[in-house]
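Hello,

Here is the model for your files. My notes on it follow below.

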Amino acid sequence: MITFLDLHKINDRFRSDFEDALRRSLDTSHFVLGKNVLHFQDEFARYCGTKHCIGVANGLDALTLILKGYIQLGKLKKGDKIIVPANTFIATILSVLHAGLEPVFVEPNPETYNLSADTVKKYLGEDVKAIIVVHLYGQLADVSGLKKLAETNNLLLIEDAAQAHGAKTNSNNKAGNIGDAAAFSFYPSKNLGCLGDGGAVTTSDSELFEVIKLLSNYGSNKKYVNDIVGFNSRLDDIQASFLSIKLNTLDEDNRRRREIAREYLRDIDNPKIMISNHSQDENHVFYAFVVEVENREDFSQYLTKNNIGWLIHYPIPPHKQKALSEYSNLSLPITEQIHKRILSLPISPVMTEVEVKTVVEVVKRY
């Protein structure tokens, strides 16, 4: 069986380094907000090209804290409208709702699955105060167009970079350093994943950085002294040490993902399988390699029968989830079509050439 994502094999490459890090953590017994967190925050800020990074508990918290931070600073207020892609993972929408803001669902470009300036500008109005741009599946969205649109209309541009660690523009700006602030997830399946939950905010806005530091730690900069109403959302010290270890190989792992994607794009020749065009430069880190098929149920059963793992990112669009039933009457045909047809093929930095070629041959035969 070619598994969809072999996390054991991915992480086993670092086993001895992880064990050393764990021993050091046990020896120091500084498990919360220790030196490992400070070290990783500095490393990841440098990697992304931002002034600041704050480690938090997960990607959802990262997005929510950005929005709450802007409310605290007076740049947003309760009830403001925030543009979001309609076909994102539900966490993007939840962050807006948790912050007391109103999501505006915008259809993606069907060629890239991402927002573009052309689709977003139709939804602008005086109540819209920010755009959350999701770099879905690891591909940067129309960042130049959206950035220009945000600047022209005095909007905040917030990146949901949970799937795009290391993706960069042709001018070498990395995900996390494109908008006003960015949210990352380090969930184990991500291109940079820890061994549990974890997340981070990156920004070069020093005011926002200070506010999110407060918000993420009970509203406190000094123990037992609380300046604002905050949360408990902190990156574990041991997870920060694991992330520092894995950050060293992130660019090489992304290179391997792009290499596999090029083979899929070049060699999968089947009229039943629709694959979006990719520029094949470094703006895509292929967190997922997504194809579209008319009969997904039949295709997924075929893959399983032929020992090929697969996953669906994601089977139900957010506005059709029970949790968001108030938005269920929205007309979003492109989003619904995408969620009905997409399926992700195996892709990871530890796949062998034999496994890649096997996936290609099986998909070609369908």
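How many strands form the open sheet, and in what order? Three strands form it, in the order β10-β11-β12, and the pairing is antiparallel. Strands here are DSSP runs of E with at least two residues, helices are runs of H or I with at least four, and both are numbered from the N terminus. Two strands count as paired if DSSP finds at least two bridges between them. At the edges are β10 (273–274) and β12 (342–345), each of which pairs on one side only. Two bridges join β10 to β11 (residues 289–293) in the antiparallel sense, and Met274 stands opposite Glu292 in β11.

This is a predicted model: local features need pLDDT of at least 70 and side-chain atom pairs count only at pLDDT 80 or more, while totals for chains, interfaces and linings use all residues. Residues are numbered from 1 along each chain as its sequence is written, and side-chain values use heavy atoms, with hydrogens and water left out.

The largest nonpolar core has 44 residues, of which Ile66, Leu67, Tyr70, Ile132 and Ile158 touch the most other members. Elements that each supply at least two residues of this core include β1 (52–56), α4 (59–72) and α8 (206–216). A core is a set of buried (under 20% relative accessible area) Ala, Val, Leu, Ile, Met, Phe, Trp, Tyr and Cys residues joined through side-chain atoms within 4.5 Å. Leu67 has contacts (heavy atoms within 4.5 Å) with Leu76, Ser95, Val96, Ala99, Leu101, Ile132 and Ile158, not counting residues up to four places away in sequence.

Regards

Key
Buried means under 20% relative accessible area, exposed over 50%, partly exposed in between (1.4 Å probe, protein chains only).
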